[in-house]
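Visitor: I would like to learn how to read the pockets, cavities and helix contacts of a protein model. Please take them one at a time.

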Amino acid sequence: MGRAVGIDLGTTNSCMAVAEGSEIVVIPSGEGLRVMPSVVGFTAKGERLVGLVAKRQAITNPRNTISSVKRLMGRKYDEVISERLNVAYEIKPNDRGDAMVKVFDREYSPPEISAMILQRMKARAEEFLGDQVTEAVITVPAYFNEVQREATKAAGRIAGFEVKRVLNEPTAAALAFMEPSERKRLAVYDLGGGTFDISILQVVNGIFEVKATSGNTHLGGDDFDARLVDWILKEFQNTQGLDLSRDPVSLQRIREAAERAKCELSTTLEAAINLPFIASDESGPRHLEMNLTRGLIESLIEDLVRMTSEPCEKALADAGLKPEDIDHVLLVGGSTRIPLVRKTVEDIFRQKPAHSVNPDEVVGIGAAVEAAVLAGTRKDLVLLDVTPLTLGVETLGGVMAPIVERNTPIPIKRSRLFSTAVDNQQVVSIHVLQGERELAEGNRSLGRFELVGIPPAKRGTPRIEVSFEIDANGILSVSAKDAVTGRAQGMRVNSSGGLSEEEIRKLMQEAEANAELDRTRMKLVEARNAADQVIYDAGKVLETAMKKLDRESWEDLDNALVGLRQVRDGSDRTRIAKETARTSDLVSQVARLLEVLDKSAPSGGGGAPGESSGDGNIYVLEEDPDAD
Ligand code: AMP
């Protein structure tokens, strides 16, 4: 059996951790980062890029770069479109109305894209641990509904994981933060790129019990970015008379600059946006230069941040608690770095939030704790989670009859008796719903099935027992049974973000077949990255060397650089690596010559590398007699 990891599959970034003995270790993404951007890019050459490399090329390839795919997981096209996502790629409905992503001439379901991210993480983990990684605990926003959970599980399976648990993100954060021996009440406020979650937990004697949870699956940093982007576009149109909203490349540059400025404004009061050559018209090129203040961003997002108060109040009320009853407030998710968000949290809970956690890693770490618990290597804690939304069935007149109320501890099995609505009715249709509205049409439909063969009888006489069973992952199975005949029928929520079981299996095979290809591609991309770094270093060193050293000293490096540039875009990884190594050696040699020169040069006379000493093609090796 392989190892088990914990994965925080985030809207913007993903983070992975593993238990190593009693320690939890964050597995680096392999690009010098501890988190990996949740981005997948497709190039015209048919390459698939994942993580930082995909994010980097988003500017030049916005339409084929998929970010924030978590916001599409298990969702309908109509819902997604009405939210105006701040992305440049094409979203389309499939014939079931599910949101799909179109890249070049292929449509991908959101779980497929998420699986590409997970597959990359799996490969990283295997490289890091030097062992096979087969199992995972994957986190989801607590407020994810059944379909979104199933979609996430499907993504994990496609990537080749056995998904041991779909764990709520705030619960994971609590697992990472609290010692099982503590006895505390905790509020976890989680505002990330695309979702907001609030959970109230209680820890007593190693039992982590979620008391209540609430949130908004469509609220987060992406929405703040969208507000800022709109403002920038309007401002540019007002001052320069040009509409940039229809130019995907400019728009992508603005999006990235807006997000950067937003993050900067969390620590500074002012931030500048500088985007040269953003557009051009008959009067020549146009540049976008703007100064933003913290006050401006706060005024743009204030109403959105305020929208987090109501779910917090609801969760507190559901848990039967007041703000004063909470011992710690934990902040999770990148958007909680925004001072206005922190102030809002402080107002809601009447206390300062805890500062000791890294909001980017705490969820991944907690997922690894749960993975260790499930693997039996940690025995000091037990997790009791709840179902976030009420589940029920549609009854006469389109009214929803609840069967499992929201915030009921899971796993759970609960039944309710129903009967027929008309005389001699032989078929009942069970329409499974999730949500808090009284009328069925206001809630999310999870599916329907029919129970047939009910013996003819007067309305209200047959007894039909409808049972809901929710497993520890929050995943639901429903069955209906006629008490007279014993005939039963059931369903499992299985619309995995637009994927049937058969499709998932097909995609698993495809992903497996692609894994080797991906590894090769990944290595090629890494080789190119390394080449880029050396090309950059060589350019810098050459610039100085050409001014300070004779041709003989740098000629080989110059030639090697030309050679490396030629092979860099090819697909021969071995050649790229060879040329990179050769060039890198020459860079070191020339840099050493420059170092010797600098050391032997009189102080103040040599100049820093890259600075011209004036005369360009001569250099001084002897002491300057006039120098002090
Ligand atoms: P997460 O989904 O938890 O990775 O959070 C990502 C979101 O946090 C994105 O919208 C980021 O722009 C946002 N974010 C990250 N760092 C900061 C920061 N310093 N200030 C404001 N927002 C941030």
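Visitor: Which element gives the largest share of the lining of the largest pocket?

Guide: This is a predicted model. In it, H7 supplies 7 residues, the largest share of the lining of the largest pocket. The whole lining has 47 residues, and those nearest the pocket centre are Thr12, Asn13, Gly193, Asp222 and Glu259. Two or more lining residues come from each of strand E2 (13-20), helix H1 (52-56), helix H6 (221-240) and helix H7 (248-264).

Visitor: What volume does the largest pocket have, and how do its lining residues divide by class?

Guide: Its volume is about 1,100 Å³. The lining holds 19 polar, 15 charged and 13 nonpolar residues.

Visitor: How much space lies in the second largest pocket, and which residues lie nearest its centre?

Guide: The second largest pocket has about 540 Å³ of space. Its lining is made of 21 residues, with Tyr143, Thr217, His218, Leu389 and Gly435 nearest the centre. Strand E15 (207-216) and helix H9 (309-318) are the elements that give two or more residues to this lining. By class, 11 of the lining residues are polar, 7 are charged and 3 are nonpolar.

Visitor: Now the cavities. How many are there of 30 Å³ or more?

Guide: A cavity is a space where the probe fits but cannot get out, whereas a pocket is open. The count here is 7 cavities of 30 Å³ or more. The largest cavity holds about 120 Å³ of space.

Visitor: Which residues lie nearest the centre of the largest cavity?

Guide: They are Arg48, Met116, Ile158, Leu507 and Ala511, from a lining of 13 residues. The elements giving two or more residues to that lining are strand E10 (106-108), helix H3 (110-129) and helix H12 (501-548). The lining divides into 7 nonpolar, 4 charged and 2 polar residues.

Visitor: Last, the helix contact. At what angle do the axes of H6 and H8 cross?

Guide: The axes of H6 and helix H8 (residues 294-306) cross at roughly 135° and come within 10 Å. H6 is therefore oblique to H8. The crossing of H6 past H8 is right-handed.

Visitor: Which residues make the contact?

Guide: From H6 they are Asp223, Phe224, Arg227, Leu228 and Trp231, and from H8 they are Leu296, Ile297, Leu300, Ile301, Asp303, Leu304 and Val305. In this contact of H6 with H8, 9 residues are nonpolar, 3 are charged and none is polar.

Note on methods. Residues are numbered from 1 along each chain as its sequence is written. This is a predicted model: local features need pLDDT of at least 70, side-chain atom pairs count only at pLDDT 80 or more; totals for chains, interfaces and linings use all residues. Side-chain values use heavy atoms; hydrogens and water are left out. On a 1 Å grid over the protein atoms alone, a cavity is a set of points where a 1.4 Å probe fits but cannot get out, and a pocket is an open set with protein on both sides within 12 Å along at least five of seven lines; lining residues have an atom within 4 Å of a point. Grid points are joined across faces, edges and corners, and a volume is the space filled by probe spheres set on the points. Helices (H or I, at least four residues) and strands (E, at least two) are DSSP runs, numbered from the N terminus. Ala, Val, Leu, Ile, Met, Phe, Trp, Tyr, Cys and Pro count as nonpolar, Asp, Glu, Lys and Arg as charged, and the others, Gly among them, as polar. Axes are lines fitted to C-alpha atoms, for helices over the stretch in contact, and angles run from 0 to 180 degrees between N-to-C directions. Angles under 35 degrees count as roughly parallel, over 145 as roughly antiparallel, 65 to 115 as roughly perpendicular and the rest as oblique. A crossing is left-handed if the near helix is turned anticlockwise from the far one by less than a right angle, and right-handed if clockwise. Contact means heavy atoms within 4.5 Å.
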